[in-house]
Every structure is written in structure tokens, then in C-alpha cells.
Amino acid sequence: MWTPHHTSRWIFTGLLLVFLVLRVFLQEMYQSLLDDVTPYHKSRWVFAALLVLGFLARVFLLQFFFYLIDHVILGFGADDGPELPTRANEEFRPFIRRLPEFKFWYSVTKSTVIAVICTFFDCFNIPVFWPILVMYFITLTCITLKRQIKHMIKYRYLPFTHGKPKYQGHEDTGKVISPK
């Protein structure tokens with residue numbers, strides 16, 4: 001027996017299927033675009049610099065100075081990075097980059113695009129009292145420093161020479177051969 005309820009369910013299911021297929025298609029196009037621009041380091045950074053300059057020009061022309069804080073904060077999360085070896089057979093590589101260049105470029109570009117989009121809507125035009133921003137900056141700095149100091153304590157890293165063991169090496173008795 002046919003009822004309007006069954007028809008609306010089929011319409012909803014069809015629209016949901018179309019939405020999901022469109023979403024997958026757009027995600028694949030976006031990933032393909034990212035894969036295509038990956039080898040062009042200079043061009044990507046020129047684009048990012050122009051995007052940031054355009055954002056700054058828009059902010060200063062419209063006098064939306066609070067957007068600068070939002071732009072700096074958006075999208076710049078740090079991961080834990082590489083860990084020290086826990087077993088004798090593991091190799092430690094201390095100079096592994098914590099944030100690869102492409103991921104940094106991607107986060108800069110993405111946060112700038114989001115910040116530019118936010119400048120088009122008046123609902124984000126909220127006046128901010130400058131001492132609150134100063135306190136916010138100090139709070140973020142303290143939180144970041146706390147995380148770094150905890151990491152240093154966890155791995156017993158002493159940045160200063162006080163308290164470090166001093167090793168006595170053998171005297172170098174070899175002669176220096178100078179090239180002629």
C-alpha cells in the first residue's frame with residue numbers, strides 16, 4: 001500500500017546518496033589538487049604569501065584588526081613528534097622535522113582562507129578590549145612553555161651546564177698533519 005511517508009523516505013534516501021557521492025567526488029578532486037601542487041615549493045609559498053598579504057590588506061582597509069589574532073591561532077596545532085628510543089635496538093634520530101614543510105604550508109594556507117572568509121560576515125566583527133588579548137597571549141605562551149618544560153623533564157634534558165656530569169676524555173697525543 002502506497003503512502004506519502006514511503007515516498008518522502010525514498011526522496012530523502014536519494015538526496016542523501018547524491019550528497020555522499022558528491023562529497024566523495026569533491027574530496028578526491030581536492031586531494032588530487034594537493035598532490036599536483038606538492039612539488040612546487042616556491043609557487044606554493046608565493047601563493048601563501050600573496051594570500052596573507054591580501055588578508056592583511058583587507059583587515060587594514062576594513063579595520064578588522066581582531067581577525068589577525070584569529071588568523072594566527074587557527075590551524076597551528078603541534079603534535080608530539082618523534083620519541084626517544086625505549087629499547088636498545090632502536091635508533092634515535094634527533095633531527096627529524098616535527099612539522100613537515102608541506103603540512104606547515106597547508107595549515108598556513110587553510111587558516112588564511114578561513115580568516116578571509118570570516119571577514120565577509122559581520123557576526124565575527126566583535127570588538128575586543130586589548131588587555132584581554134595581552135592576557136590571552138601570555139596564557140598561550142605559558143601553556144606552550146609548560147608543555148616544553150614537561151617534555152624536557154620527562155627525558156632528563158638539562159639545557160644548562162650546571163648539574164650535568166663532566167666526562168674526562170683521554171688526552172689527544174696524535175700529531176696534526178698539515179697539508180702542503
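**Figure 1. The secondary structure of the protein chain comes to five helices and zero strands.** From the N terminus on, the elements run α-α-α-α-α. Helices (H or I, at least four residues) and strands (E, at least two) are DSSP runs, numbered from the N terminus. Please keep in mind that this is a predicted model, in which local features need pLDDT of at least 70 and side-chain atom pairs count only at pLDDT 80 or more, while totals for chains, interfaces and linings use all residues. Residues are numbered from 1 along each chain as its sequence is written, and side-chain values use heavy atoms, with hydrogens and water left out. Of the 180 residues in the protein chain, 11% are buried; buried means under 20% relative accessible area, exposed over 50%, and partly exposed in between (1.4 Å probe, protein chains only).

**Figure 2. Helix 2 spans residues 41-62.** Its 22 residues reach 32 Å from the first C-alpha to the last, close to the 32 Å expected at 1.5 Å a residue; the expected span is 1.5 Å times one less than the number of residues. R44, A48, F55 and V59 are the buried residues to look for here. They cover an arc of only 45° around the axis, which puts them on the same side of helix 2. That arc is taken from the directions from the helix axis to the C-beta atoms. Turned away from this buried side is a face with the exposed residues K42, L50, L53 and L61. Just after helix 2, Q63 takes a positive phi of about 60°.

**Figure 3. Helix 4 carries the aromatic pair of F102 and W105.** The helix covers residues 101-118 and reaches 26 Å over its 18 residues, close to the 26 Å expected. A search of the whole structure finds four aromatic pairs. F102 and W105 form a tilted one, 5.5 Å centre to centre with 40° between the planes. Rings of Phe, Tyr and Trp (its six-membered ring) pair if their centres lie within 6.5 Å; planes under 30 degrees apart count as stacked, over 60 as edge-to-face and the rest as tilted. Because F102 and W105 are three residues apart in helix 4, about one helical turn separates them. F102 is partly exposed, with a relative accessible area of 23%, whereas W105 is buried at 7%. Together with Y30 and Y106, these two residues form one aromatic cluster.

**Figure 4. The side chains of T112 and T119 reach backbone oxygens.** T112 is found in helix 4 and is buried, with a relative accessible area of 1%. Its side chain reaches the backbone oxygen of V108 at 2.7 Å. T119 lies in the loop between helix 4 and helix 5 (130-154) and counts as buried at 2% relative accessibility. The side chain of T119 reaches the backbone oxygen of V116 at 2.5 Å. A polar contact is a pair of N or O atoms within 3.5 Å; within protein, one must be able to donate a hydrogen and the other to accept it, and residues adjacent in sequence count only if both atoms are side-chain atoms.
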